[in-house]
Amino acid sequence: MTTSLHIDWTACRARGVCVDLLPELLEPDPWGYPVPRPDQASEPAVPTVSAELTPHARRAVALCPRMALRLVDDDPPSG
Amino acid sequence: MTSAAVDPAVLGAGPPPNATSPLLGAAAADLGEHQHRSGPIPWRGGSGRLIADVRDAGLTGRGGAGFPTWRKLAGVAAAAAAGGETVLVANAAEGEPASTKDVTLLTRCPHLVLDGVQLAAEAAGARSAYLYAKAGPAADAARFALAQRRAQARDRVPIAVVEAPAGFLAGEESAVVAAIDGRRPVPRDKRTPVYRSGVRGRPTLVQNVETLAHLALIARHGAGWFRRTGTAAEPGTLLATISGAVAAPGVHELPHGIALSAALELAGGATAPLQAVLVGGYHGGWLPMATARHAPLSREGLRPYGCSPGAGVIMALPWSACGLREAAGIVGYLAGQLAGQCGPCRNGLPAIADTLGRLAVPAPDRTAFDRPELDRAATLRRLADLVDGRGACHHPDGTARFARSTLLAFEAEVGLHRNGRCTASRP
């Protein structure tokens with residue numbers, strides 16, 4: 001089972017908290033919106049969260065001022 | 001239950017329709033004519049009974065995504081079996097500007113679509129249904145047909161017509177639900193799919209009207225009949241809107257897997273030498289005639305070319321037109337159609353449109369040689385990769401796919417433009 005970071009793009013306003021808290025995983029795009037570092041995405045734009053980073057990802061989820069983040073377990077896939 | 005158990009004679013469905021154009025061949029705008037030609041609704045007497053047939057037939061969604069219809073049906077039917085109240089939506093928003101197949105289907109065979117709505121509602125256990133159609137001929141045809149059906153008490157589930165607002169994204173599943181609920185018709189975040197929570201928070205099955213018309217024929221004639229045309233992986237026909245440099249533009253019914261060249265012949269043939277054909281609409285891709293003349297029109301057949309039949313849009317581009325200019329017009333339109341909710345799309349699509357707009361103007365440009373990092377083609381590719389997958393809906397991904405396909409198909413044109421020349425201005 002893998003865990004990934006779901007970003008609700010309709011809620012995100014590029015406040016940058018997640019990019020500050022998860023620099024191993026995310027970087028800002030030219031407009032400040034989070035984008036996975038090239039080696040951190042399982043598919044384009046979906047950051048995969050490793051076990052070591054999970055506590056930090058939880059903190060980012062809790063502190064996102066727009067409540068735009070969720071940790072999602074990817075298995076089983078939903079159609 | 002298997003398809004072999006369905007005997008058309010028992011269902012009173014009449015003779016199987018024309019195998020090459022079962023949908024348009026069954027055209028009957030009037031209910032009496034439809035009843036005479038296609039018979040009564042072949043009710044299955046319970047939720048879920050039709051699903052096995054639809055699965056065996058291999059029917060896929062005709063709205064563009066090509067998802068297996070039976071899976072969506074089964075998901076919503078399960079929610080109904082668990083005691084949930086479910087809703088069915090027939091989608092004819094047809095936001096794609098180059099497509100007219102849904103309005104054509106609703107004006108020519110409205111009762112086949114509405115029979116499909118009834119049967120899908122029965123299969124999904126839905127007690128209410130909506131027909132979400134573009135204002136004008138599509139919605140008018142549906143209202144007229146529904147009045148006839150009410151007079152003859154043909155339907156078991158009431159169908160309400162809701163007019164779809166204009167716009168490219170109006171037909172996106174979650175935007176459809178929002179419009180029916182009276183909210184702004186924009187896509188929502190996909191963490192909760194509409195088959196779990198859609199119209200009024202209920203599990204909702206959204207199906208394209210063409211899909212429902214096919215379903216109505218499968219219910220009458222069985223999965224084996226449906227599979228007699230098309231390919232093994234993608235059986236049946238599709239409605240294609242063929243436009244551009246062809247003698248008979250319009251909606252044509254094609255078997256899945258037909259060669260691109262044969263599809264163009266069905267539309268009267270090319271009226272000028274063609275350089276490329278856009279397939280799959282504004283979120284689709286270009287097939288260069290030099291290499292893809294015989295490409296089979298199916299998801300499988302077009303995968304090597306990086307595109308798919310989508311909702312059946314086919315646009316023939318002659319050599320007298322500039323591919324980059326055409327593409328820039330399309331991306332400019334797409335950038336103007338974004339909902340504006342998601343940052344990467346709101347910022348990225350105008351940047352993509354701007355970059356492609358500059359590439360479309362032939363002007364001597366040495367940037368690619370002197371400052372390769374500022375090269376417009378490279379910038380366009382980078383921007384396309386940047387927006388990919390970063391939105392609530394597939395608008396950024398589809399636009400990125402179209403932009404990448406444009407660079408690939410018109411690579412030579414990019415070179416010509418850099419030297420101040422253009423295919424379209426050649427003598």
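**Where the chains meet**

Across the interface of chain B and chain A, four residue pairs are in polar contact, both partners being at pLDDT 80 or more; a polar contact here is a pair of N or O atoms within 3.5 Å, where within protein one must be able to donate a hydrogen and the other to accept it, and residues adjacent in sequence count only if both atoms are side-chain atoms. Helix H14 (343–359) and helix H16 (376–387) of chain B each bring at least two residues to the side of chain B that touches chain A. (Helices are DSSP runs of H or I with at least four residues, strands are runs of E with at least two, and both are numbered from the N terminus.) H14(B) gives the largest share of that side, five residues. Sorted by class, the side of chain B that touches chain A holds eight nonpolar, six polar and six charged residues; Ala, Val, Leu, Ile, Met, Phe, Trp, Tyr, Cys and Pro count as nonpolar, Asp, Glu, Lys and Arg as charged, and the others, Gly among them, as polar.

Before going further, some housekeeping. This is a predicted model, in which local features need pLDDT of at least 70 and side-chain atom pairs count only at pLDDT 80 or more, while totals for chains, interfaces and linings use all residues. Residues are numbered from 1 along each chain as its sequence is written, chains are lettered from A and ligands numbered from 1 in the order in which they are written, and side-chain values use heavy atoms, with hydrogens and water left out.

How many residues does each chain bring to the contact? Chain B gives 20 residues and chain A gives 17 residues, with contact meaning heavy atoms within 4.5 Å. The two chains bury about 1,500 Å² between them, 63% of it on carbon and sulfur atoms. Buried area is the accessible area (1.4 Å probe) that two parts lose on being put together, summed over both. On the chain B side, B:Asp189, B:Arg191 and B:Arg390 lose the most area to chain A, together 35% of what that side buries.

**One arginine to look at**

Zoom in on B:Arg390, which sits in the loop between H16 and helix H17 (395–409) of chain B. The count between chain B and chain A is one salt bridge, and A:Asp29 forms a salt bridge with B:Arg390, the closest N and O atoms being 3.1 Å apart. For a salt bridge, a side-chain nitrogen of Lys or Arg has to be within 4 Å of a carboxyl oxygen of Asp or Glu. A polar atom of the B:Arg390 side chain also lies 2.7 Å from the backbone oxygen of A:Pro34. Is B:Arg390 buried or exposed? B:Arg390 is buried, at a relative accessible area of 1%; the cut-offs are under 20% for buried, over 50% for exposed and partly exposed in between (1.4 Å probe, protein chains only). Leaving out residues up to four places away in sequence, B:Arg390 touches residues of both chains, among them A:Trp9, A:Tyr33, A:Val35, B:Cys342 and B:Pro396.

**Chain B as a whole**

Now step back. Chain B has 18 helices and nine strands. Its radius of gyration is 22 Å, close to the 22 Å that the globule rule gives for 427 residues, so chain B is as compact as a globular protein of that length. That radius is taken over C-alpha atoms, and the globule rule is 2.2 Å times the number of residues to the power 0.38. Buried residues make up 57% of the 427 residues in chain B. Among contacts in chain B between residues at least 6 apart in sequence, 72% join residues at least 24 apart.

**Salt bridges elsewhere**

Over all chains the count comes to 25 salt bridges. In H14 of chain B, B:Asp354 and B:Arg358 lie four residues apart, about one turn of the helix, and their side chains meet in a salt bridge (3.1 Å, N to O). B:Asp385 forms a salt bridge with B:Arg404, the closest N and O atoms being 2.7 Å apart. B:Asp385 lies in H16 and B:Arg404 in H17 of chain B, so this pair ties together parts that are 19 residues apart in sequence. Finally, B:Asp115, B:Arg149, B:Arg154, B:Asp155 and B:Arg220 are linked in a network of salt bridges.
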